[in-house]
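This report looks at a few local features of one protein model. Please have the sequence and the 3D view ready.

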Amino acid sequence: MAHVKIRIGVALMNVNFNNRDPVYLQVIRNFKEKIANGELVPGDEIPSRRELANMLKINPNTAQRAYKEMEEQGLIHTEKNHPSKITTDTKILGMVREELLGEAVDTFVASVRSINVPVDELLNLVKTKYAENNDDKGA
(Lines give C-alpha, C1' and ligand atoms only; values in the text may rest on other atoms or scores of the structure.)
Protein backbone atom coordinates (compact mmCIF):
# COMPACT_ATOMS: atom_id res chain seq x y z
CA MET A 1 0.00 0.00 0.00
CA ALA A 2 1.50 3.35 -1.08
CA HIS A 3 0.87 6.64 0.71
CA VAL A 4 1.31 9.75 -1.43
CA LYS A 5 0.72 13.43 -0.55
CA ILE A 6 0.36 16.10 -3.22
CA ARG A 7 -0.74 19.72 -3.21
CA ILE A 8 -3.80 20.51 -5.34
CA GLY A 9 -4.78 24.14 -5.29
CA VAL A 10 -5.21 24.74 -1.58
CA ALA A 11 -5.78 21.07 -0.76
CA LEU A 12 -3.22 18.55 0.33
CA MET A 13 -4.09 15.28 -1.34
CA ASN A 14 -3.40 12.16 0.72
CA VAL A 15 -3.88 8.97 -1.21
CA ASN A 16 -3.52 5.65 0.57
CA PHE A 17 -3.75 3.16 -2.25
CA ASN A 18 -5.05 -0.26 -1.28
CA ASN A 19 -4.79 -3.48 -3.24
CA ARG A 20 -8.55 -4.19 -3.23
CA ASP A 21 -10.00 -1.38 -5.32
CA PRO A 22 -8.97 -0.11 -8.76
CA VAL A 23 -6.59 2.84 -8.44
CA TYR A 24 -8.74 5.13 -10.59
CA LEU A 25 -11.68 4.63 -8.20
CA GLN A 26 -9.43 5.42 -5.25
CA VAL A 27 -8.33 8.64 -6.96
CA ILE A 28 -11.96 9.61 -7.58
CA ARG A 29 -12.92 8.84 -3.98
CA ASN A 30 -10.06 11.00 -2.74
CA PHE A 31 -11.26 13.92 -4.86
CA LYS A 32 -14.79 13.39 -3.53
CA GLU A 33 -13.56 13.38 0.06
CA LYS A 34 -11.63 16.62 -0.51
CA ILE A 35 -14.73 18.20 -2.08
CA ALA A 36 -17.00 17.02 0.76
CA ASN A 37 -14.73 18.33 3.51
CA GLY A 38 -14.11 21.66 1.77
CA GLU A 39 -10.42 21.19 0.97
CA LEU A 40 -11.32 21.48 -2.71
CA VAL A 41 -13.83 24.20 -3.43
CA PRO A 42 -16.00 24.90 -6.47
CA GLY A 43 -13.92 26.29 -9.32
CA ASP A 44 -10.56 25.06 -7.98
CA GLU A 45 -8.12 24.16 -10.73
CA ILE A 46 -6.76 20.64 -10.53
CA PRO A 47 -3.58 19.25 -12.06
CA SER A 48 -3.52 17.99 -15.60
CA ARG A 49 -3.92 14.26 -16.05
CA ARG A 50 -0.20 13.91 -16.70
CA GLU A 51 0.73 16.02 -13.65
CA LEU A 52 -1.55 13.96 -11.44
CA ALA A 53 -0.07 10.71 -12.76
CA ASN A 54 3.45 12.00 -12.03
CA MET A 55 2.53 13.25 -8.56
CA LEU A 56 0.80 10.04 -7.53
CA LYS A 57 3.21 7.74 -9.37
CA ILE A 58 0.37 6.12 -11.30
CA ASN A 59 -0.05 5.23 -14.95
CA PRO A 60 -1.21 8.23 -17.04
CA ASN A 61 -4.01 6.06 -18.44
CA THR A 62 -5.25 5.54 -14.87
CA ALA A 63 -5.31 9.30 -14.26
CA GLN A 64 -7.11 9.75 -17.59
CA ARG A 65 -9.72 7.16 -16.60
CA ALA A 66 -10.30 8.87 -13.22
CA TYR A 67 -10.73 12.28 -14.87
CA LYS A 68 -13.02 10.86 -17.55
CA GLU A 69 -15.23 9.29 -14.87
CA MET A 70 -15.26 12.49 -12.80
CA GLU A 71 -16.25 14.47 -15.90
CA GLU A 72 -19.07 12.00 -16.61
CA GLN A 73 -20.26 12.39 -13.00
CA GLY A 74 -20.10 16.17 -13.34
CA LEU A 75 -17.50 16.55 -10.57
CA ILE A 76 -15.02 18.33 -12.83
CA HIS A 77 -15.21 20.15 -16.13
CA THR A 78 -12.57 20.87 -18.70
CA GLU A 79 -12.72 23.55 -21.33
CA LYS A 80 -10.51 23.25 -24.37
CA ASN A 81 -6.94 24.41 -23.67
CA HIS A 82 -7.73 25.23 -20.01
CA PRO A 83 -7.04 23.33 -16.79
CA SER A 84 -9.76 21.09 -15.38
CA LYS A 85 -11.74 22.59 -12.51
CA ILE A 86 -14.00 21.37 -9.73
CA THR A 87 -17.64 21.89 -10.66
CA THR A 88 -19.59 24.83 -9.31
CA ASP A 89 -22.89 22.90 -9.51
CA THR A 90 -24.15 22.92 -5.91
CA LYS A 91 -26.53 20.01 -6.55
CA ILE A 92 -23.67 17.74 -7.65
CA LEU A 93 -21.47 18.94 -4.79
CA GLY A 94 -24.24 18.16 -2.28
CA MET A 95 -24.71 14.70 -3.77
CA VAL A 96 -21.00 13.95 -3.24
CA ARG A 97 -21.33 14.50 0.51
CA GLU A 98 -24.54 12.46 0.67
CA GLU A 99 -22.91 9.60 -1.29
CA LEU A 100 -19.89 9.42 1.01
CA LEU A 101 -22.02 9.66 4.14
CA GLY A 102 -24.40 6.98 2.86
CA GLU A 103 -21.51 4.61 2.10
CA ALA A 104 -20.04 5.13 5.57
CA VAL A 105 -23.38 4.54 7.30
CA ASP A 106 -24.08 1.43 5.21
CA THR A 107 -20.70 -0.03 6.13
CA PHE A 108 -21.19 0.81 9.81
CA VAL A 109 -24.71 -0.62 9.97
CA ALA A 110 -23.61 -3.82 8.25
CA SER A 111 -20.77 -4.26 10.73
CA VAL A 112 -22.90 -3.76 13.88
CA ARG A 113 -26.13 -5.43 12.79
CA SER A 114 -24.90 -8.88 13.81
CA ILE A 115 -24.44 -7.68 17.42
CA ASN A 116 -28.18 -6.86 17.75
CA VAL A 117 -27.63 -3.55 19.53
CA PRO A 118 -30.84 -1.55 20.07
CA VAL A 119 -30.91 1.54 17.82
CA ASP A 120 -31.22 3.98 20.75
CA GLU A 121 -28.17 2.49 22.45
CA LEU A 122 -26.26 2.57 19.19
CA LEU A 123 -27.15 6.22 18.53
CA ASN A 124 -26.07 7.23 22.04
CA LEU A 125 -22.77 5.42 21.61
CA VAL A 126 -22.21 7.06 18.22
CA LYS A 127 -22.90 10.52 19.71
CA THR A 128 -20.49 9.84 22.57
CA LYS A 129 -17.71 8.56 20.32
CA TYR A 130 -18.22 11.39 17.83
CA ALA A 131 -17.92 13.96 20.63
CA GLU A 132 -14.80 12.21 22.01
CA ASN A 133 -13.21 12.23 18.56
CA ASN A 134 -13.92 15.95 18.15
CA ASP A 135 -12.43 16.62 21.61
CA ASP A 136 -9.29 14.70 20.64
CA LYS A 137 -8.84 16.82 17.51
CA GLY A 138 -9.12 20.06 19.48
CA ALA A 139 -6.53 19.02 22.07
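## Two packed helices

The model is predicted. Two packed helices are described by the angle between their axes and the distance between the axes. Here, helix H2 (residues 49-56) packs against helix H3 (residues 60-73) at an angle of about 125 degrees, and their axes are 8 Å apart. Because of that angle, H2 is oblique to H3. The crossing of H2 past H3 is right-handed.

On the H2 side, the contact is made by Arg-49, Leu-52 and Ala-53, while H3 contributes Pro-60, Ala-63, Gln-64, Tyr-67 and Glu-71. Of the residues in this contact of H2 with H3, 5 are nonpolar, 1 is polar and 2 are charged.

## A serine in a loop

Ser-84 sits in the loop between strand S3 (76-77) and strand S4 (85-86). Its relative accessible area is 4%, so Ser-84 counts as buried, the cut-off being under 20%.

The side chains of Ser-84 and Thr-78 are joined by a polar contact of 2.5 Å. Leaving aside neighbours within four places in sequence, the residues in contact with Ser-84 include Asp-44, Ile-46, Arg-49, Tyr-67 and Glu-71.

## Two residues with positive phi

Most residues other than glycine have a negative phi. Lys-57, which is not a glycine, has a positive phi of about 60 degrees. Lys-57 is in the loop between H2 and H3 and is exposed, at 71% relative accessibility.

Asn-81 is also not a glycine, and its phi is positive, near 65 degrees. Asn-81 lies in the loop between S3 and S4. With 76% relative accessibility, Asn-81 is exposed.

Notes. Residues are numbered from 1 along each chain as its sequence is written. This is a predicted model: local features need pLDDT of at least 70, side-chain atom pairs count only at pLDDT 80 or more; totals for chains, interfaces and linings use all residues. Side-chain values use heavy atoms; hydrogens and water are left out. Axes are lines fitted to C-alpha atoms, for helices over the stretch in contact, and angles run from 0 to 180 degrees between N-to-C directions. Helices (H or I, at least four residues) and strands (E, at least two) are DSSP runs, numbered from the N terminus. Angles under 35 degrees count as roughly parallel, over 145 as roughly antiparallel, 65 to 115 as roughly perpendicular and the rest as oblique. A crossing is left-handed if the near helix is turned anticlockwise from the far one by less than a right angle, and right-handed if clockwise. Contact means heavy atoms within 4.5 Å. Ala, Val, Leu, Ile, Met, Phe, Trp, Tyr, Cys and Pro count as nonpolar, Asp, Glu, Lys and Arg as charged, and the others, Gly among them, as polar. Buried means under 20% relative accessible area, exposed over 50%, partly exposed in between (1.4 Å probe, protein chains only). A polar contact is a pair of N or O atoms within 3.5 Å; within protein, one must be able to donate a hydrogen and the other to accept it, and residues adjacent in sequence count only if both atoms are side-chain atoms.
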